[in-house]
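Me: I'm new to this one and would like to go through it piece by piece. Can I show it to you and ask as I go?
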Amino acid sequence: TRSTRPQRLLGAVQKNATRGDPCSVIQAIDHFCRNKEWAMNVGDEKGCILDAVVSEVNPATVLELGTYCGYSTVRIARLLPPDAKLITLEFNPDFAAIARQVIAWAGLEEKVQLVEGASGDWIPRMKEQFGVKTFDLVFLDHWKDRYLPDTKLMEECGILRKGSVLLADNVICPGTPDYLEFVRNSPRYESQYFKSHLEYTKVEDGLEKSVFLG
Ligand SMILES: O=C(NCCCCc1cc2cnccc2s1)c1cc(-c2ccc(F)cc2)cc(O)c1O
Ligand SMILES: [Mg+2]
């Protein structure tokens with residue numbers, strides 16, 4: 001049977017990237033998506049903004065909602081200090097299987113815990129399951145209509161602390177209008193928009209960085 005796009009993306013990584021070299025994995029995926037087949041990775045342009053925010057926050061604990069093939073997982077994990085932990089949630093088991101192999105190819109499996117399932121089910125169980133008290137950084141890149149309910153859920157479950165940073169992908173395209181309105185108008189968040197483009201295209205998109213004020 002015909003291979004899937006994630007399988008072909010993994011093949012490009014295994015063919016063109018060097019084991020244990022996260023930057024070569026990132027480059028191989030970007031080259032594949034720009035020259036062969038578009039895929040919904042955060043991409044190189046928004047990826048640079050992601051890198052800057054990760055470096056600024058220098059997080060000990062990161063939650064990523066939406067792994068897909070592990071591109072942003074690798075981008076984030078490669079910048080983390082040795083004892084830092086990144087927990088990434090993926091709903092689709094086929095995507096999760098590919099992501100595990102991409103993360104392993106980059107040599108970052110020690111820093112990453114990939115969990116299969118839905119955010120609404122897992123967010124309330126983070127503390128007891130993974131012994132994480134709060135997250136210093138959350139990267140939202142999953143179902144766009146779940147950004148707002150899951151942010152409210154994270155607050156309720158107490159996994160955000162004063163100063164926790166939420167970084168949300170696709171706030172323009174496909175768009176997360178209810179989430180944007182909330183974080184930009186709530187007195188409990190300090191929000192900033194980073195204008196960019198939809199991965200590998202000229203279409204406008206951007207990242208919204210929101211600091212939880214507690
Ligand atoms: O849907 C997108 N990402 C979400 C996939 C959701 C799966 C998950 C749900 C879930 C629930 N719980 C836990 C984990 C998870 S993972 C997405 C789509 C586009 C796009 C697509 C077509 C287009 F023309 C223009 C933009 C661009 C992007 O950058 C995206 O991120
Ligand atoms: Mg995205």
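Me: How are the donor residues of the magnesium ion (ligand 2) spaced in sequence?
Reply: This is a predicted model. In it, the donor residues of that ion follow the spacing D-x27-D-N.

Me: Which residues coordinate the magnesium ion (ligand 2)?
Reply: D141 (OD), D169 (OD) and N170 (OD1) do, at 2.0 to 2.2 Å.

Me: And is D169 buried or exposed?
Reply: D169 has 0% relative accessibility, so it counts as buried. N170 also counts as buried, because its relative accessibility is 4%.

Me: Different topic. Which residues are buried in helix α10?
Reply: Y179, L180 and V183, in a helix that runs over residues 177-185. Seen down the axis of α10, its buried residues fall within an arc of 95 degrees, so they line one face of the helix. P177 and N185, on the other side of α10, are exposed.

Me: What do the buried residues of α10 pack against?
Reply: Several elements, including β4 (135-140), α8 (147-157) and β5 (160-168).

Me: On to the rings. How many aromatic pairs are there?
Reply: The count is six. One of them joins W122 and F130, a tilted pair with 5.7 Å centre to centre and 35 degrees between the planes. Y147 and Y179 have ring centres 5.6 Å apart and planes at 85 degrees, so that pair is edge-to-face. It links distant parts of the chain, with Y147 in helix α8 and Y179 in helix α10, 32 residues apart.

Me: What sits over the ring of W122?
Reply: The charged end of R125, 4.3 Å from the ring centre. W122 counts as buried because its relative accessibility is 14%, under the 20% cut-off.

Technical notes: Residues numbered from 1 in each chain as written. Chains lettered and ligands numbered in written order. Predicted model: local features only at pLDDT ≥ 70, side-chain atom pairs only at ≥ 80, totals over all residues. Heavy atoms only, no water. Buried < 20%, exposed > 50% of the residue type's maximum accessible area, 1.4 Å probe, protein only. Helix = DSSP H or I, 4+ residues; strand = E, 2+ residues; numbered from the N terminus. Arc of directions from axis to C-beta. Contact = heavy atoms within 4.5 Å. Donors = N, O, S within 2.8 Å, 3.2 Å for Na, K, Ca; no water. Phe/Tyr/Trp six-rings, centres within 6.5 Å; stacked < 30°, edge-to-face > 60°. Lys NZ or Arg CZ within 6 Å of the ring centre and 35° of its normal.
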